[in-house]
Amino acid sequence: MLYRASRKITKLYSFIYWYLIVTGKKLKIGWFSFTCCEDSTMVWIELMNENFFKWKDLLDIRHARVLRKINKLENIDVAFVEGAITTESDARKLRSIRKNSKKLVAIGSCAINGMPAAQRNLFDEEQKKEIEFLVERFKQTDKVRTVKDIVSIDDEVLGCPMEEDVFLKILDKYLNEFGVINAH
Amino acid sequence: MHIDDSSIITTNNGKEEIKLDNITKIEGHGSLDIKIKDNKVKYVKLKITENKRFYTQAIIGKSALSLPLMTSRICGTCSIAHLSCCSEAVEKALQYVPTDQTILLRKLSLYGMTIRDHSLHLYLFCLPDIFGKDSVLDFDESQNEMIKRAFAIKSAGNNLSKVIAGRAIHATFAEVGKFSHVPKQEETKKVVAELKSIRDYVIDFIEIFYNCDFKLERDTDFVSLQTSDYSFLEGTIIDSKGESIPEDRYWDYLNDVVIPYSEATGYNFEGREYMVGALSRMNLNKDNLHSSTKNDTSRFLSAFPSRNIYHNNLAQAIETLHCVDHSIELLESTEFKEEHNEPVTIKAGEGIGLLEAPRGTLYYMLSIDKIGKVKYGRIIVPTQQNQIGMEKSIVQLIEDNLNKSKKQLEFEIEKLIRAYDPCMSCASHFLRINWR
């Protein structure tokens, strides 16, 4: 049932897009991944099965390490950020993504509430002791933090992995907001 | 501003360094440090930089029955492999024997994942290398049909997983001992039709990877599970030197090697460097591929056994067809029934799960106490097992290509790493061993 419903919604969306006026302007997006299993990246790539050519017209994917080597972090309209933040250097990267993006959307459970990447925050003393030398060696911070703990966010897509339909709706919202598509 | 900048530093005393700070078009985060002096490689350090999530600790004290849902979160792209392997380990520990139908559904869910995951690697990560593009996003209009077909294949794998396991990523129907949902006939019919519709596309892609002239030959030991139906699930571990080991003794043959600069531990097999993954499976087990696959790929299959690391891509392309063919056969010849599964009884025990994930042999050992909580566990993933081999292959590649420009060399190195199809999310989250 759920599967069918989600297929229907996806189809409905592609139908709408084909009848929208494409202005030639593209939404400049970045896709960023921190500490997590990259499940939402996989969902995003699975959504391309049906949306690839449409997104090629509507999106300027400026930064997506999973898809290209030459990436740019400048002048991004919407940054999608997956994963929890486990090191200071990742926190710095995240701040620089925020600085270079007009909107930032936290993607998936690890980015939004930290879990399961933040499971060590709940370890008992004995478990903490066991991992101490590795936390130190790889310069992880004492606590794993969420994206929200470091920067302000404009939207979030919950789920482990992210909810496909919520993501599509938010993407649609920004395509409209940035004047890339015009429903009338 | 580029945050993933790679840099090449040449110093004036004949020393050269290459730093690839973020290897792209792979799963997860990895980087590479290389030092060359007087035309000799001083070192190659492949660093798995994906930050640890300490799963080996986190599983302790958790309920064994819900553990597969937790460990499926180790990896997004091959989550069904973790889910299935962990379920198998829990079942073995509890001495629970799943029904034939459960095993069949597990095989089908692994096939769906493998079609999807191989497609991601082959068509989105590797294909741009063959066509001289940076990204699948950069193909021009004349190549639209090819890209459309690539996504159609990936979609068929995705839909097979959805019908059998509920979701392609972090599947919801698969549990310890059973599947909570049995696929309906109209669902399987639809999936069979979709799989049939993309079969010819898969063969066209095999041809592309067969014609690709990338070459780096290595003498390494190939290790894989040999299964009678090439189904990734049950069988005996064999290697190219003639070893044959039951699944539950695999650990006895491995030595772990601490790699201080990497967030993952490496492994040797019987003290030797070895390789796991599609190339190993094809080298050791191609006779057991589905008959339809063998009929339509005999020309391509003649490339195996092969020592060429890039043939891992060709092997994956052929395996994709096998997954399609065997899934069609299983779905057409099986009438799935709602069945009464014996309830799982909690008891203390140890169990080993072992299967072929898309990238190679995946191993779970779990010890469970009498109230069903995990006492300790050990998880060994394919990318850890290939890490030492990857570094040695990179050394060979550099020494064979010292006349090339740095830029070319950097491109060649990434291409080679991609051929191994590493999964950094999987590799980085474990401590070496965790005894209690």
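In this predicted model, helix H7 of chain A lies across strands S2, S4, S6 and S8 of that chain and runs at about 150° to S8(A). These strands belong to an open sheet of 5 strands in chain A, ordered S3-S2-S4-S6-S8 and paired in parallel. At its edges stand strand S3 (59-64) and S8 of chain A, each of which pairs on one side only. On average, neighbouring strands of the sheet are turned by 25° against each other, direction ignored.

Within this sheet, strand S4 (residues 76-82) and strand S6 (residues 101-107) of chain A run parallel and are joined by 6 bridges. Val81(A) has Ala106(A) in S6(A) as its bridge partner. Helix H2 (residues 39-58) of chain A also packs on the sheet, where it touches strand S2 (27-33), S3, S4 and S6 of chain A. The direction of H2(A) makes about 165° with that of S2(A).

Chain B contains an open sheet of 4 strands in the order S9-S8-S7-S12, with mixed pairing. Strand S9 (244-246) and strand S12 (274-275) of chain B each have a single partner strand, so one side of each is left without a neighbour in the sheet. S8(B) and S9(B) run antiparallel and are joined by 3 bridges. Thr236(B) stands opposite Pro246(B) in S9(B). Helix H7 (residues 278-285) of chain B packs on this sheet and touches S7, S8 and S12 of chain B, its direction making about 75° with that of S7(B).

Most residues other than glycine have a negative phi, and most peptide bonds are trans.

| Site | Feature | Value |
|---|---|---|
| Met115(A) to Pro116(A) | cis peptide bond | omega near 5° |
| Cys160(A) to Pro161(A) | cis peptide bond | omega about 5° |
| Lys139(A) | positive phi, not a glycine | phi about 55° |
| Tyr230(B) | positive phi, not a glycine | phi about 50° |

Pro116(A) is found in the loop between helix H4 (108-113) and helix H5 (125-137) of chain A. Pro161(A) is located in the loop between strand S8 (155-157) and helix H7 (164-177) of chain A.

Lys139(A) occupies the loop between H5 and strand S7 (140-145) of chain A. Lys139(A) is classed as exposed because 11 other C-beta atoms lie within 10 Å, where the limit for this class is 12 or fewer. Tyr230(B) is placed in the loop between strand S7 (221-226) and strand S8 (236-239) of chain B. Tyr230(B) counts as buried because 24 other C-beta atoms lie within 10 Å, where the class requires 20 or more.

Technical notes:
Residues numbered from 1 in each chain as written. Chains lettered and ligands numbered in written order. Predicted model: local features only at pLDDT ≥ 70, side-chain atom pairs only at ≥ 80, totals over all residues. Helix = DSSP H or I, 4+ residues; strand = E, 2+ residues; numbered from the N terminus. Pairing = 2+ DSSP bridges. Contact = placed C-beta atoms within 7 Å. Axes fitted to C-alpha atoms, helices over the stretch in contact; angles between N-to-C directions.
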